[in-house]
Structures are given as structure tokens and as C-alpha cells.
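This report describes how one protein chain is organised and how its parts meet. Please examine the sequence and the structure before reading on.

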Amino acid sequence: MRLALILLLSLSMLPATAATATPPPPDWLDGLEALYDAGLRVDGLDDRRFQPEAWWDIALPLASRKRGFTVETIGSSAEGRPLRHVAWGEGDTRVLLWSQMHGDESTASMALADLLRFLGEHPDDPLVRRLRSGTTLHFMPIVNPDGAARFQRRNAQGVDVNRDARALATPEGRALHGLRERVRPAFGFNLHDQHVGYRAGDSDRGTAIALLAPAFNEAREVDASRARAIEVAVAIRAALEPRIAGHIAKWDDTFNPRAFGDLTAKAGVSTILIESGGIEGDVQKQRLRKLNFLALAAALDAIATGAHAGLPHAAYEELPENGETWPDLLVTGGTLVLPGRPQARVDLLLRFDQPLLGRGGRIADVGDLGGAKARRVIDASGLYIIPFAPPGGDATEERGGFGPGMSAHFHLARDAGGRDVAWTLDCDIDAALPMPAAATKDSE
Ligand SMILES: [Zn+2]
């Protein structure tokens, strides 16, 4: 009896010690998510490769003066696209949010359009009232519109704007820096996307969202300003935990004096980096877009009300760091058939230019790849790998074989002659074509 009691006690203590100190999400969050699903998500941004002009065509009517917004042009990009600042709110706590300084990182820009709509169309929502009276929000959406127009990381001068915080050699970097100097925000949100292959810590789970309260010096000290950023990161984790538990990570906090987040932190701004990674199947990052919206709503409310104060730092510090970056596709144990060469039992590792869509596949490795891991795995035991020349492209044979760097065109066939084809990869994954066997192992 006593033993049972001790056993019971120790069992009941287990979850308490194993569980993180993550606080519960705000009680209004489920209601906001329902409102979002019912009609906050702005139409026209279903493809994450939108043009910057299309984004502004959608956002400018949402950010009208009669809805409490001011919009000003604060510069122009290297190619002459307007750089704009949108402001809203009447509160004392100034918050600066900037997105897409890497042109191919558009998730938060989509969420910011939804946020503008929420703020403008729901003036009497209690959350909107709290944000209006507690904060003034300053947005610089799509910091790098030239990069966005090409869906590329760098600006039209070939410069990574997020390594230009010190040199300020780019017009985009200067505009963001000038805005920060003028606004003198208490809080900053640095909004990015990261590679979808990142794992959360040493787990097999993909990182959906990674957070960082950047360091302001090389010693990575935590002063009052950084402590507030950590608290806001905890507010974000609290909001997202029930939705993507196990898929939240944190970035390494090595100080980088060329990066905007770090230099903004150094300027005394409580800065929070949000990186949108990947959720398998969410190929246009629309789920991540909503999670960004909810994360920002929770973070801004914590700032507006001061509710971030005292949130347990452990809920941030205990987050796993971004771990390995897994490649996109592993084909294991197939038999490679090349004309005039001996057959070979090999594994194949592939990377895609567009990993979520499975487009632009290239061979990364061939051979016995032992413990290689990948976001998706096909067990090709008993199948033949039969490369083919793409129509109009170079013949694989003429290029001297089959190997790393080559674009991926092959059949998986049940016979060495390639007549009974089980699956085909022609650079792009054909979503209508089921992968063979029960082999696809999408990590959750
Ligand atoms: Zn980025």
C-alpha cells in the first residue's frame, strides 16, 4: 500500500519534471483562430511566390486612413520599387515589424496582410482595442521587394540585406535602419523563413517555427531588454505549443554584428526573430501563415498589456536548437541500371530547388548511404532505378553516367528493362503519382 503510494507519487511527479514550463495559451486564441478561418485570411496570397506589387495592391486598401493607418514611402529599392512604412495604433509602446528582407521568405508578409485586415476591419474586437491603446505598430513589409519579385534571397545588387546592417550599402538596409532610428521602438520583430529541412534539436521532427531573442554582444548576456524579448518569445511558444508541440525550436544566439536582428538588439530594442520553417504537406506555407498571425497576435497582446512580464525564461531556454538540415528525398536499396555498366545496389539522396513542392530535383549522393536521413524516404528494395534522358535535355549516358549534381530523371521499375514502372521522378515530383510501397515516411 505504502509502496503503491510512493509509486503513485513518483509517477505523478514524472510529468511535472519532464514537462516544460510553458504557460497556457491566451484564452481568446481559439476564438481568434476561428475568426481567422471564417474571414481574416486575405485572398490572393495563396501562392507564396507573389509579386511585391500584388501584395501592396491587397494591403494598401486594408491600410486605409479611415481605418486608422498611415502609409508613407520611405525609400526605393535598388530597382526603384517603393519601400513603405505602415503605422497603426495610439499607444505608447512602439513596435517595429519587418518582413521579407530575404526575398524568398514570404510567410510573414502573408500574415502581416491578414493582421492589417484584422486591425482595420475589427476595431471593436477587445484584442484590437488593447493593441490600439497599448501599442503603436510600425510595419515595414517586404523590405526587399526586388528579391521578392524574383523570389530570391538577395537584393538586386546581389547583397544579402541581412548582412548589411553595419555597412548599410543597400537602399533597403538604409531604409530599415532609418526607420528604426526614427521610430525608436521598444520591441522589434524580425520575420524570416528558414530551410524546411531543419530538425528540432536531435529529433526527427521538422522545425515549423524557430524563435530567437538575439544577443546584443558576443558574451550573449541577458539584460533587461533581452529579458523582455525572451518573455515575448515565451508568449509565442505558449500560443503555438498546443498547435505544433515538438516542432518549435530556437536559433543559435551567436552574435552577428552584420545582422539586423543583432544590431537592433544592440540598439536596446527587445528583438524577436521568428523563422518559419516547414510543415509537411503545407506546400504554400498557408498553415504557417496562420501560425505567424496567431503568434504575432499573442506577442503583441503580451506587449500591449505587459503580460509578458514574469513569463518563465525556461520555456524559451529549454527549446531545442535547430538541429540537422535533412535533405529532401532518400531512395533506399534500389538496383541502378545504366546501359553498358554493371548493375549496382545503391541508395540515392536527392535535394529539390523547391523542397515543399518537390520541384527541381538533383542527385546529392549515390551509393551505400548508411544512416542517411531525409524528409521523405522511398524503400526501393526489389525495384530497379532506371535513369532516362529528359526530352530535349542531355542524355544521362552522354554526360558520363549518373551522379551528384545531375538533375534527377529516373523510373523505379519492377523489371530491369524498365517496362513495369512503379514510380517516376522527372526532376519534379508528380503529386498525382503515389510514391511506391508504404515507404513514404513524412515526418510529422
Ligand atoms: Zn531570412
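## The annotated region

The UniProt record, an unreviewed entry, places the feature "domain: Peptidase M14" at residues 41-303. The model examined here is predicted.

## Division into domains

The protein is divided into two parts: domain 1 covers residues 24-324, and domain 2 covers residues 326-426. Taken over C-alpha atoms, the centres of domain 1 and domain 2 are separated by 39 Å. To the contact between them, domain 1 contributes 13 residues and domain 2 contributes 7 residues.

## The interface between the domains

Together, domain 1 and domain 2 bury about 1,000 Å² between them, and 58% of this area is on carbon and sulfur atoms.

By class, the side of domain 1 that touches domain 2 has 7 charged, 3 polar and 3 nonpolar residues. Side chains of opposite charge can pair when their charged atoms come close. The side chains of Lys373 and Asp204 form a salt bridge, with a distance of 3.6 Å from N to O.

## Salt bridges in the whole structure

How many salt bridges does the structure hold? The count is 28. One of these salt bridges joins Arg243 and Asp30, whose closest N and O atoms are 2.9 Å apart. This pair links distant parts of the chain, since the two residues are 213 residues apart. Arg243 belongs to helix 8 (residues 224-244), whereas Asp30 belongs to helix 2 (residues 29-39).

Methods:
Residues numbered from 1 in each chain as written. Predicted model: local features only at pLDDT ≥ 70, side-chain atom pairs only at ≥ 80, totals over all residues. Heavy atoms only, no water. Domains from an automatic or database assignment. Contact = heavy atoms within 4.5 Å. Buried area = accessible area lost by both parts, 1.4 Å probe. Salt bridge = Lys/Arg side-chain N within 4 Å of Asp/Glu carboxyl O. Nonpolar A, V, L, I, M, F, W, Y, C, P; charged D, E, K, R; others polar. UniProt positions renumbered as here; feature names shortened; annotations may be inferred. Helix = DSSP H or I, 4+ residues; strand = E, 2+ residues; numbered from the N terminus.
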